[in-house]
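These notebook entries record what I looked up in one structure. I worked from the whole chain down to single residues.

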Amino acid sequence: MSKTGVFYGSTVGNTRFVAEKIGKLLVNAEVLSVKDLSKETIELYDNIVLGTSTWGVGSFQDDFYKFVVQLMACDLSGKTIAMFGLGDQMNYPDTYCDGMGRLYELLRQKECTIVGRWPADDYNFSESRAYVDGKMVGLALDEDNEPDLTDYRIRTWIEQIKTMFK
Ligand SMILES: Cc1cc2nc3c(=O)[nH]c(=O)nc-3n(C[C@H](O)[C@H](O)[C@H](O)COP(=O)(O)O)c2cc1C
C-alpha cells in the first residue's frame with residue numbers, strides 16, 4: 001500500500017494544526033515536522049504533502065531552510081507532491097504565502113509530479129509568489145483572518161488531491 005507523508009514547518013502552531021487535519025483525511029498518512037527530517041526518511045513516501053507558513057517578509061518558515069536542502073538532494077522521481085501554505089493576507093498582502101511559492105520554485109526543478117493547484121478567486125491579497133498562471137500553486141490558508149474557511153478549503157482540496165495520489 002502506498003504511503004503518504006505530510007511534512008510541515010510551523011512556528012506558532014498554525015501549520016501543524018492544519019497538517020494534523022490533513023493527515024486525518026488521507027489514507028495511510030503520517031504527519032511529521034520537517035525539523036531534522038532526513039533525505040532517507042523523505043524518500044520512504046510515495047505521496048508527499050508539504051506545508052509551510054511564511055515569515056519575515058516573504059521568507060520560509062525557519063525549519064524549512066534546512067529541510068529544503070534535504071528535499072533537493074532526494075530522488076523524487078515517481079513521487080506525487082502537493083503543497084499547502086499559511087499566511088496573513090491582511091498584514092502581508094504583497095507576500096501572501098510566498099513560502100509556498102518559494103517551495104514550488106525549487107520543486108519545479110526536480111523530476112516529480114506536482115498536484116493540488118487551487119483557485120485564487122476567494123482571496124484578498126495583492127501579490128504572491130504562490131500565484132502562478134492564474135492559480136495558487138497549492139492550497140492557501142489564512143488562519144489569522146479566515147479561520148472559518150479553513151475546514152471547507154481543506155476538505156475540498158483533499159478530495160481533489162486524493163484522486164491524484166497513488
Ligand atoms: C513576523 C511575522 C512575519 C510574517 N510574514 C508573513 C509574510 O510575509 N507573508 C504571509 O503571508 N504571512 C506572514 N506572516 C503570517 C504567518 O505566516 C501566519 O501567521 C501563519 O499562520 C503562521 O503559521 P505557523 O504558526 O505555522 O508558523 C507573518 C507573521 C509574523 C508574525
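**Entry 1: the whole chain.** I took helices (H or I, at least four residues) and strands (E, at least two) as DSSP runs, numbered from the N terminus. By that count, the chain has five helices and ten strands. I noted a radius of gyration of 14 Å, close to the 15 Å that the globule rule gives for 166 residues, so the chain is as compact as a globular protein of that length. This radius is taken over C-alpha atoms, and the globule rule is 2.2 Å times the number of residues to the power 0.38. The C-alpha trace spans about 40 × 30 × 30 Å along its principal axes.

I recorded that this is a predicted model, in which local features need pLDDT of at least 70, side-chain atom pairs count only at pLDDT 80 or more, and totals for chains, interfaces and linings use all residues. Residues are numbered from 1 along each chain as its sequence is written.

**Entry 2: burial and contacts.** I called a residue buried if 20 or more other C-beta atoms lie within 10 Å of its own, exposed if 12 or fewer, and partly exposed in between, with C-beta atoms placed from the backbone. Buried residues make up 40% of the 166 residues. Two residues are in contact if their C-beta atoms lie within 7 Å. Among contacts between residues at least 6 apart in sequence, 78% join residues at least 24 apart.

**Entry 3: the core.** I looked for a nonpolar core, meaning a set of buried Ala, Val, Leu, Ile, Met, Phe, Trp, Tyr and Cys residues joined through C-beta atoms within 7 Å. The largest has 38 residues, and Val-49, Leu-50, Met-83, Met-100, Ala-130 and Ala-140 have the most contacts inside it. Elements that give two or more residues to this core include strand 1 (4–9), strand 3 (47–55), strand 5 (80–86) and helix 5 (147–162). Strand 5 gives the most, with five residues. Leaving aside neighbours within four places in sequence, I found Met-100 in contact with residues including Thr-52, Met-83 and Ala-130.

**Entry 4: helix 3.** Which residues of helix 3 are buried? I listed Phe-64, Phe-67 and Leu-71. Seen down the axis of helix 3, the buried residues fall within an arc of 60° (that of the directions from the helix axis to the C-beta atoms), so they line one face of the helix. On the other side of helix 3, Tyr-65, Val-69 and Ala-73 are exposed. The buried residues pack against strand 1, helix 2 (39–42), strand 3, strand 4 (59–60) and helix 4.

Entry 5: Most residues other than glycine have a negative phi. I noted that phi of Asn-28 is near 50° and that phi of Cys-97 is near 55°. Asn-28 is found in the loop between helix 1 and strand 2 (29–33), whereas Cys-97 lies in the loop between strand 5 and helix 4. Asn-28 is exposed because 12 other C-beta atoms lie within 10 Å. Cys-97 is buried because it has 33 such atoms within 10 Å.

**Entry 6: the ligand.** I counted a residue as near a molecule if its C-beta atom lies within 6 Å of it. In this way 23 residues surround the ligand, the closest being Ser-10, Thr-15, Ser-53, Gly-87 and Tyr-92. Strand 3 gives the most to this shell, with three residues.
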